[in-house]
Amino acid sequence: MGATTLQQKRRRWAGPGFETFGSIFGFIYTFLVGNVLLAIANAPLVLSLSLVADPAAAWPFFLALSVTIAPSLAGIFAAFKALNDDGGAVKPVAAFLQGYKRSFGRTAVLGLGAVGLLMFLGVDLAIVSAMPAAAVLVPLIVVVAALTVSLTVTAISGVVLLPEARLKSILKASLYLAAQRWYLSLAMLVLLGIIASAAVLQPVLGIALAPAPLLFVIWSNASFAFHAALRAP
């Protein structure tokens, strides 16, 4: 009786199959390859971070170099989308390059716009900080800068998810989602802050390990928000 019960339990629990291991390997492989591709796509920024001792002192220079980030985000988000669609059979290099190429025009515009606005806000912040009477404007500038980053990253996700949609429509939807699901926007800013801190403190190790897993969380949240909005009556 006991032996029969044990055999039945063994048959019911077959253990993790090849699909499970393939899915796990797909995630790990996509993350590792994604970090390498992000580093290559943003090579001038990565190289400068590794050579300059105090990036904060030269923030306009590094902000200008960050214009390459937006198209590379489209590439890694396309790889994540392929990971969701194909699982263990994902080809992250091909998906990254295809997403980068297909979305380059619109994401480059988003990147240039975001960098330009952040540069303007940064200069304003430096001026306001030197004027005690205008210190009340500092929180407003910080909020606008945070909204700019959140809106840009959400819009890049929308470009990958909705390749046929117009950029203007994606921006409107992204602004709505960033405000409606503010908690996801806040989580996004925290994760992006961790990535930026790792890249500044340990450029090589930080970029080799940190970005892809955290960006996957950002992508998953943005994808959920867009799909929930599309399903809404």
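**Exercises on helix geometry and ring pairs**

This predicted model holds ten aromatic pairs.

**Exercise 1.** Classify the pair formed by the rings of F31 and F216 as stacked, tilted or edge-to-face.

Solution. The ring centres of F31 and F216 lie 5.6 Å apart, and rings count as a pair if their centres lie within 6.5 Å. The two planes stand at 65 degrees. Planes over 60 degrees apart count as edge-to-face, so F31 and F216 form an edge-to-face pair. As for position in the chain, F31 belongs to helix α2 (residues 18–41) and F216 to helix α11 (residues 211–231).

**Exercise 2.** Compare the span of helix α6 with that of a straight helix, and find where α6 has a kink.

Solution. Helix α6 covers residues 92–129. At 1.5 Å a residue, a straight helix of 38 residues would span 56 Å. Between its end C-alpha atoms, α6 spans only 44 Å. A kink of about 70 degrees is centred on F104.

**Exercise 3.** Describe how helix α8 packs with α9 and how α8 crosses α11.

Solution. Take α9 (residues 182–201) to begin with: its axis lies 5 Å from that of α8 (residues 167–180), at an angle of about 90 degrees. This makes the two helices roughly perpendicular. In the contact, A178, A179 and Q180 of α8 meet W182, Y183 and S185 of α9; four of these residues are nonpolar, two polar and none charged.

Now take α11. Its axis comes within 11 Å of the α8 axis and crosses at roughly 105 degrees. A173, S174 and L177 of α8 touch A225, F226 and A229 of α11, and the contact has five nonpolar residues, one polar and no charged.

Methods:
Residues are numbered from 1 along each chain as its sequence is written. This is a predicted model: local features need pLDDT of at least 70, side-chain atom pairs count only at pLDDT 80 or more; totals for chains, interfaces and linings use all residues. Side-chain values use heavy atoms; hydrogens and water are left out. Helices (H or I, at least four residues) and strands (E, at least two) are DSSP runs, numbered from the N terminus. The expected span of a helix is 1.5 Å times one less than its number of residues. The bend at a residue is the angle between axes fitted to the seven residues ending there and the seven starting there. Axes are lines fitted to C-alpha atoms, for helices over the stretch in contact, and angles run from 0 to 180 degrees between N-to-C directions. Angles under 35 degrees count as roughly parallel, over 145 as roughly antiparallel, 65 to 115 as roughly perpendicular and the rest as oblique. Contact means heavy atoms within 4.5 Å. Ala, Val, Leu, Ile, Met, Phe, Trp, Tyr, Cys and Pro count as nonpolar, Asp, Glu, Lys and Arg as charged, and the others, Gly among them, as polar. Rings of Phe, Tyr and Trp (its six-membered ring) pair if their centres lie within 6.5 Å; planes under 30 degrees apart count as stacked, over 60 as edge-to-face and the rest as tilted.
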